[in-house]
Amino acid sequence: MQCIASFLLNVRHLLLLVVALWGWVAHAGEYTEIAQLINTGNLTQAMAQVDQHLLKKPKDPQLRFFQGVIQRNSGKTQEATSTFTRLIQDYPELPEPYNNLAVLHASQNQLDKARAALEMAIRINPGYGTAQENLGDVYAKLASQSYSKALQLSGTNSALSQKIAVLRELLVHGATKNQKASSNAITPNQTALTTPVRPAPGGTTSGNAVMVLPQQPALRGGNTTRARPNVNAEIQATLQTWANAWSKKDMTTYLGAYADNFDPSGVPNRQAWENEQRKSMQQKGTTRVQLEDVNITVHANKAMVKLRQIQETKEGAIVTSHKTLNLAKEGAHWRITREYTRG
Amino acid sequence: MALRRFRTLHIMCVALMVAFALPSGAVDAERKKVSRAATKASYSHNTVGSNGSADGIAEARLIDIYKLVGRGQNREALFRAQELATELPHFHLAQLVYGDLLAAQARRITTVGDVPDALMRTAADNLQELREESQRRMRALQERPPAGTIPSQFLTLSQRSRHAIAVDASRSRLYLFENTPQGLVLRSDYYISVGKAGIAKAVEGDQRTPLGVYYVTSSLNRKSLTDFYGSGALPINYPNRLDVKRGKTGSGIWLHGTPPDQFSRAPRATDGCVVLANPDLERIARTVEVRSTPVVIASELEWVKPGKVHQEAESFKATLYAWRDAKNTGDLDKVLGFYTSDFTASGKPLKQWLSSNLKTELAHTQGRKIALKDISLLRWTDSADTMVVTFAELASGHAGLTKRQYWMREGSQWKIFFEGSA
């Protein structure tokens, strides 16, 4: 029952996507035909067109994205997986290939891999609705598996043997209203556009199904945005102040690093969170906090930072955690809006 | 985004209990965990058991996860739950908690084991048992024995007993003590399962765990046992002499481990045995000595300062010494006064047993006075007041005999209703 409902939901999403796509492609006609062919199941023709276009633009991520979708829809799971994987390697800042890779993993019941890929997509774009919904489905399915183990339910339980409902796949890796299909395609060497052209920060929901990409040039490994070195330095300085305040148990400065709209997940309100932080800082014998492998991604006045946090305690223990911090610029200062540990 | 609303995990009773009531020093030093780094360091303190997890560690990790949830650190809790469930896939409670934390990423959770109905089907009992296990574990860690107290049954324990065990059925907990020269010291405690039908065993097959003062009689190697018993078994002497006097039947009550597909069992799950997770059983089996380790099993333990029972112990010893003195006089009638009228041993009536017994002993001691050493007194009070007394009876120059006597209080007088070697 649940399965049919979510399948229908998926179809509805897909249709919404297609409809929105028509709207988009009014501006960028080049890939309309390909999208149409894919939608109507004319995969061989679609692939032929893609191959043709690829001759002219061999690195175009949208074309490669189409390739992966076509391969998947043709049942060529291995090829599709490798297409998306290579796309991810070349364009690690694009969230959509992660989403579609997750769809492939899920279809093969590799739920932990699907989960990892979706979490990556969301880390790149926290407002990424489709990936969030897909991740919710994956979590629900993973939960079922754990529950089944906990309750010692046999493998013949139909809930277990059912494959996860098809996750929402993306057709288009996204573009903005004013773009021509190829001219603003994301390439590694392009310098930043001066005006962000996205309709709204933080991505879009499925109502406007065109997924929006960050407009900065591709970011790799530890490199930060070439076009805005000062922002990077600002953020680094902010985090260093925060870490120092923590080491010295300077609560005022430490708490001051957090934005007013900081999301204290799990705690009912800001005051309760602050009390928790105070208590925690007093109780724990942390003597030093160091930050390493700081990896900053900036979008307009928002940033996402992944780093390794190393705490030394007075008992001599060393605690290492991988943290992700979201920051936002408020006036002249960067402040932390979200903080969580992964691994 | 819609999803973020559902990230809050509300394990109502657990989270509240944990966040506000669980003292940081809840478990013994070996199991204090502050961080994963510290966790790794302290793993090495214990020899790794057969399930890749040292005694008590699995529970400590589970409690850490609860604490993280209580502090709102759900991502960290999720990660740790994944680690635990992956390492011990047969630790069903950990799987349940992991399932909850996964589900919490997508929807609101309102209870421990928030399993969708469709999935549960016939497993409602299993779910209920897991919730009970969770509650019992939590409660035992919250309600700690006050520092420096011991179970009230241990009036005095000689150094011949290097360890002692006490089981609190109401808390599903087993407490392991070391008997140091300064007295009993609690070394560790573990979650246990008792009989399906509960406690107060009376007859064979009643699926109840007996209550009383027992001793470990042997240690069975895992190789001589089926998988069902896990890492090994420590049989105890049910029925003891008080049980026999009361006409209780049944046998084969052991402390033992769990089968390979189940890390720990429900609070009431066994045929009467006391069951522990394998790493915990292994620790106990490696530590305690056979024959000299008492095992007190009570429906609920009462914890007292050793000083409180010291007076009782001294007062009883006076009675014991009076018995010794009577024996030393060789006066049969005088000695007779210390025994109950319904005393039977080896099928002989009291007077007969005593006279032949006494005669044999006197022949051995050849008129030398006997002395009592290494006295242990364990008091058991239910519908009657009884004392299990163990001591070495020596005459100078002769190797002593270890005796065990069962005394019962009749009115204001203590009398022996069973006597034999231990």
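Predicted model: local features only at pLDDT ≥ 70, side-chain atom pairs only at ≥ 80, totals over all residues.
Biologist: What share of the 343 residues of chain A counts as buried?
Modeller: Residues are numbered from 1 along each chain as its sequence is written, while chains are lettered from A and ligands numbered from 1 in the order in which they are written. Buried means under 20% relative accessible area, exposed over 50%, partly exposed in between (1.4 Å probe, protein chains only). By that rule, the buried share of chain A is 52%.

Biologist: How many helices and strands does chain A have?
Modeller: Helices (H or I, at least four residues) and strands (E, at least two) are DSSP runs, numbered from the N terminus. Chain A has 12 helices and four strands.

Biologist: In what order do the five strands of the open sheet in chain B stand?
Modeller: Two strands pair if DSSP finds at least two bridges between them. The edge strands, each pairing on one side only, are β2 (154–156) and β19 (413–421) of chain B. Pairing in this sheet is antiparallel, and the order in chain B is β2-β16-β17-β18-β19.

Biologist: Which helix of chain B packs on this sheet?
Modeller: Contact means heavy atoms within 4.5 Å. The helix touches β2, β16 (370–381), β17 (385–395), β18 and β19 of chain B, and its direction makes about 135° with that of β16(B). It spans residues 306–329 of chain B and is α11.

Biologist: Through how many residues does the hairpin join β16(B) to β17(B)?
Modeller: These two strands run antiparallel, joined by 10 bridges. B:R379 stands opposite B:M387 in β17(B). The hairpin link has three residues.

Biologist: Which residue of β19(B) is the bridge partner of B:R404?
Modeller: Strand β18 (residues 401–410) of chain B pairs with β19(B) in the antiparallel sense, over eight bridges. The partner of B:R404 is B:G420.

Biologist: Is B:L401 buried or partly exposed?
Modeller: B:L401 lies in strand β18 of chain B. Leaving aside neighbours within four places in sequence, B:L401 is in contact with B:F391, B:A392 and B:E393. With a relative accessible area of 43%, B:L401 is partly exposed.

Biologist: At what angle do the axes of α4(B) and α8(B) cross?
Modeller: Axes are lines fitted to C-alpha atoms, for helices over the stretch in contact, and angles run from 0 to 180 degrees between N-to-C directions. Under 35 degrees counts as roughly parallel, over 145 as roughly antiparallel, 65 to 115 as roughly perpendicular, the rest as oblique. α4(B) and α8(B) are therefore roughly perpendicular to each other. Their axes come within 11 Å and cross at roughly 90°.

Biologist: Which residues of α8(B) make the contact with α4(B)?
Modeller: From α4(B) come B:E59, B:L62, B:I63 and B:Y66. From α8(B) come B:S134, B:R137, B:M138 and B:L141.

Biologist: How many of the 10 residues of helix α10 of chain B are buried?
Modeller: Among the buried residues are B:P279, B:L281 and B:I284. The buried residues pack against several strands of chain B, including β3 (163–168), β4 (173–180) and β5 (183–195). Helix α10 (residues 278–287) is largely enclosed by the rest of the structure, because its buried residues number eight.

Conventions: Heavy atoms only, no water.
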